[in-house]
Each structure stands twice: as C-alpha cells, then as structure tokens.
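This report describes a single protein chain for a reader who has its sequence and coordinates at hand. Please consult the structure alongside the text.

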Amino acid sequence: VAFEKHWKLRLNNPFNRKLQVIHAGEGTDVMAANEISRLIRANYLHKRLVAVHGVAMSDEQAAYFRALVWCLASNYFMFGKTAAITSLLTKTTVLFGTDSTLTASWEIKKHFQLAMQSGITTASLVAMLTTNPAACWNLPQCGRLQEGANADITLLDGDDPATADLKMVLKAGEPVLVQKDIALASGLSLVNGYSSINMGGEQFYVKGDPGKLALLIKQYYPSAELPFIPL
C-alpha cells in the first residue's frame, strides 16, 4: 500500500478473482496500522486478501483477511517485534513464512524455535506449515499424508519441528535430501546425481551440486554463513 502506485486498481480488477497477496502492516507505528485499514476500506469488490507480515495488525483487522503470512524472524530483525500471533490466529488463518534470507537465518529450525518462543503450540506451528497453506492456496493434494496426495514429505526425528533434527526430504516422492545412513539403507549413492554435504554435524546426500551453489553465493556474499559444508 505504501509503495505500490496503482494498488487500488490492481486490487479491484473485476477480471481477477484470485487471492490478493500484499505486504501490509509491515511496521510498528500508527502509519503501518492505518495502512491495513486503508487496504480493507479500498477492497470494494471484497476480494480475498492475504497479508504478509501484519506486524501492526489488530484482531479486528485480521478478520478481513483470508490469511496472514507470518515472517517472524524477519520481523524481529527489522523491527524488534512481530505480529500478536497468538491472538491473530483466532481471527484468521496463519501461514508460516521466512520473507528473505537477507533478513533472517538460513536455518529454518531457528525460525521454528523463535515461533515456539512466541507462545504458539507445536500443533499450531505444524498447521501453519502444512494444512493451513494447503487450504489457503486451494491445494487439496498438499499438506497431508494420505493416499493420492503429493508425496512432498519432510522427515524429522521427533514431533516438534523446533527441536527435532532433519533426516529426509522428499519432493514428489523423490529423495532430494537424505541423511547418509538412511540413504545407504535406501540404496542411494553419490553416482545417482547426489552430492555429499555436512549439515549440523551429520552427513547428508543431496540432489544436485550445492558445493557449486556455495561458490556462487560466496562470490557475491563472501561473508555468508551457509548452513552446510560441501564434502
């Protein structure tokens, strides 16, 4: 709202009935809160709105949104606070976001730990990562373990994403990141398009060449602290 010149025209385009996603309330002052109210008032066609950030969002405002993308790690980095999430999640659907690795840690587990410190339950966090986004974006084949659903699966060694360690990631049924012992037990080898990395003190097989990616990143951002070490 603050930076888009023609946001009202785009919002009220009668030929676009898709979800309208917009950064809103990205701040801690009165201006940020008023921005959300301006957006609500300007939604003449009652489009389904998804707000990103909502740091300044009130419970009353939240009720006008289909969902809120909560990027708490970036919020703390930029503003020293985040949205009143325990209250807002009773008024709208909350989706978990990261916003940018420029303003937050590369390690998603640190985001999860920060989320748990905000007072939400483990069940709420899991929903923000799975069933909530699947419902918001109308993706019935995603967000759940069920026959016929997409086999996009993250395997942890515990029930709590904030404390459990990552063991495997499947994308459309294909292992793309696998802890070494599981990889060997599954018959995966480095000659099948996988590379080896050390992450969190454990060796993983990963699809592709993250070592090459690391070199490219370091060319542009020499001080980047990558969450893995190519082997």
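## Basis of the model

The model is predicted: local features require pLDDT of at least 70, side-chain atom pairs count only at pLDDT 80 or more, and totals for chains, interfaces and linings use all residues. Residues are numbered from 1 along each chain as its sequence is written, and side-chain values use heavy atoms, with hydrogens and water left out.

## Overall form

The protein contains ten helices and ten strands. These elements are DSSP runs numbered from the N terminus, with helices being H or I runs of at least four residues and strands being E runs of at least two. Along the principal axes, the C-alpha atoms fill a box of roughly 55 × 45 × 35 Å.

Of the 231 residues, 39% are buried; buried means under 20% relative accessible area, exposed means over 50%, and partly exposed lies in between (1.4 Å probe, protein chains only). The accessible surface comes to about 13,300 Å², and 56% of this area belongs to carbon and sulfur atoms. Accessible areas come from the Shrake-Rupley method with a 1.4 Å probe, and for residues only the protein chains shown count as cover. Among contacts (heavy atoms within 4.5 Å) between residues at least 6 apart in sequence, 56% join residues at least 24 apart.

## Aromatic pairs

A pair of aromatic rings is described by the distance of the centres and the angle of the planes. Rings of Phe, Tyr and Trp (its six-membered ring) pair if their centres lie within 6.5 Å; planes under 30 degrees apart count as stacked, over 60 as edge-to-face and the rest as tilted. By this rule there are two aromatic pairs. In one of them, the ring centres of Trp70 and Phe96 are 6.0 Å apart and the planes stand at 80 degrees, so the arrangement is edge-to-face. Because Trp70 belongs to strand 3 (residues 67-70) and Phe96 to strand 4 (residues 93-96), this pair ties together parts that are 26 residues apart in sequence. Trp70 is buried at a relative accessible area of 0%, and Phe96 is buried at 13%.

Phe96 also pairs with Phe112: their ring centres are 5.5 Å apart and their planes lie at 65 degrees, so this pair is edge-to-face. It links distant parts of the chain, with Phe96 in strand 4 and Phe112 in helix 6 (residues 108-117), 16 residues apart. Phe112 is buried, with a relative accessible area of 11%.

## Pockets

Pockets are found on a 1 Å grid over the protein atoms alone: a pocket is an open set of points where a 1.4 Å probe fits, with protein on both sides within 12 Å along at least five of seven lines, and lining residues have an atom within 4 Å of a point. Grid points are joined across faces, edges and corners, and a volume is the space filled by probe spheres set on the points. The largest pocket holds about 1,400 Å³ of space. Its lining has 38 residues, with Phe112, Thr154, Leu155, Leu156 and Leu166 nearest the centre. Two or more lining residues come from each of helix 6, helix 7 (122-129), helix 8 (131-136), strand 5 (153-156), strand 6 (166-171) and strand 9 (202-207). By class, this lining has 23 nonpolar, seven polar and eight charged residues. Ala, Val, Leu, Ile, Met, Phe, Trp, Tyr, Cys and Pro count as nonpolar, Asp, Glu, Lys and Arg as charged, and the others, Gly among them, as polar.

The second largest pocket holds about 300 Å³. It is lined by 15 residues, of which Val1, Ala2, Phe3, Glu26 and Glu35 lie nearest its centre. Strand 1 (20-24) and helix 2 (30-42) are the elements that give two or more residues to this lining, and helix 2 gives the most, with five residues. The lining comprises seven nonpolar, three polar and five charged residues.

## Local features

In helix 4 (residues 72-79), the buried residues are Leu72, Ala73, Ser74 and Asn75. They pack against strand 2 (49-53), strand 3, strand 4 and helix 6. Phe79, also in helix 4, is partly exposed at 30% relative accessibility. Leaving aside residues up to four places away in sequence, Phe79 touches Glu26, Gly27, Thr28 and Val55. Phe79 and Thr28 are 51 residues apart in sequence and 7.2 Å apart in space, C-alpha to C-alpha. Just after helix 4, Gly80 takes a positive phi of about 80 degrees.

Ile217 lies in helix 10 (residues 210-220) and counts as buried at 18% relative accessibility. Not counting residues up to four places away in sequence, Ile217 touches Trp106, Ala224 and Leu226.
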